[in-house]
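Please look over the sequence and the structure before reading on.

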Amino acid sequence: MSDILFGNNNTKVIKNLSKKYFKKNKVRNVTAILAITLTAFLFTSIISLTFNMASSLQLSMYMQKGSKADGTLGYMTEEQYKKLAGSDFIQEAGHRRFLAYASNSIGHSVEINYADSVQQELAFCAPSHGAAPQKANEITTTDLALRALGVEA
């Protein structure tokens, strides 16, 4: 019985039938391969979109909150800040000090603060062009704040 199933003639016949079958159904085979490829592409696209949407939503939430930081503590003394910033459970700590409100703003309240480079990054206040202030008479501000002060950006 095994000679009949696996003999040379039968193997040739099976190969010949397989070739004819695949030739005859070439369109169906190409369609199946195309469908598999497109399905893989679709799943890859959906997964990529999902991750990007989640990342965008997280950034949007940070921007609504006004900070990427997990927490904000106010009214701390310099000693308390240094102690907290040096703690082993704090990854990074930014420092911001409220200085004043601009008295000459037109129709828009302008708050003047000091912020170190870490705080600037956490609060979306790092300069997008130019450089961070280095001297006492330099500031970083938005175009909207400049217009409120009557200054051309």
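Q: What percentage of the 153 residues in the protein chain do buried residues make up?
A: This is a predicted model, in which local features need pLDDT of at least 70, side-chain atom pairs count only at pLDDT 80 or more, and totals for chains, interfaces and linings use all residues. Residues are numbered from 1 along each chain as its sequence is written, and side-chain values use heavy atoms, with hydrogens and water left out. Buried means under 20% relative accessible area, exposed over 50% and partly exposed in between (1.4 Å probe, protein chains only). Among the 153 residues of the protein chain, the buried share is 11%.

Q: Is Q120 buried or exposed?
A: Q120 belongs to helix 5, residues 117–122; helices (H or I, at least four residues) and strands (E, at least two) are DSSP runs, numbered from the N terminus. The relative accessible area of Q120 is 14%, so Q120 is buried.

Q: Which residues is Q120 in contact with, leaving aside its neighbours within four places in sequence?
A: Contact means heavy atoms within 4.5 Å. With those neighbours left aside, the partners of Q120 are A115, C125, A126, P127 and A132.

Q: How far apart in space are K20 and A132, C-alpha to C-alpha?
A: K20 sits in helix 2, residues 8–24, and is exposed because its relative accessible area is 52%. In sequence, K20 and A132 are 112 residues apart. From C-alpha to C-alpha, their separation in space is 73 Å.
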